[in-house]
Amino acid sequence: MARTMPQKYLSLGDVAAMYGVTTRTVRQWVAEGRLPAKRINARCIRVRVDDADALGEPVRVVACG
């Protein structure tokens, strides 16, 4: 039997931080079908890392100074 690696999941807040947007925006992406997500329970939604990466290039935070 082949073993598979466990899936890594992110919270909506994690995805929002990756892309420099609000969690409300991430919820809209999920509702529009742009970002696949799984509801873990009534209050918990998770996104696979691979699906979050497929959205595009994350924002790079650069320190000013």
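**Burial and contact in a predicted model**

Colleague: Why is Val-21 called partly exposed?

Modeller: Val-21 has 28% relative accessibility, and it is therefore counted as partly exposed, since buried means under 20% relative accessible area, exposed over 50%, and partly exposed in between (1.4 Å probe, protein chains only). This is a predicted model, in which local features need pLDDT of at least 70 and side-chain atom pairs count only at pLDDT 80 or more, while totals for chains, interfaces and linings use all residues. Residues are numbered from 1 along each chain as its sequence is written, and side-chain values use heavy atoms, with hydrogens and water left out.

Colleague: Where does Val-21 lie?

Modeller: Val-21 is in the loop between helix H1 (12-19) and helix H2 (23-32). Helices (H or I, at least four residues) and strands (E, at least two) are DSSP runs, numbered from the N terminus.

Colleague: What makes Asp-51 count as buried?

Modeller: Its relative accessibility is 18%, so Asp-51 counts as buried. Asp-51 belongs to helix H3 (residues 49-53).

Colleague: Which residues is Asp-51 in contact with, leaving aside its neighbours within four places in sequence?

Modeller: They are Leu-35 and Pro-36; contact means heavy atoms within 4.5 Å.

Colleague: What makes a set of residues a nonpolar core?

Modeller: The set must consist of buried Ala, Val, Leu, Ile, Met, Phe, Trp, Tyr and Cys residues joined through side-chain atoms within 4.5 Å. The largest such core here has eleven residues, including Leu-10, Tyr-19, Trp-29 and Ala-52. H1, H2 and strand S3 (44-48) each supply at least two residues of this core, and H1 gives the most, with four residues.
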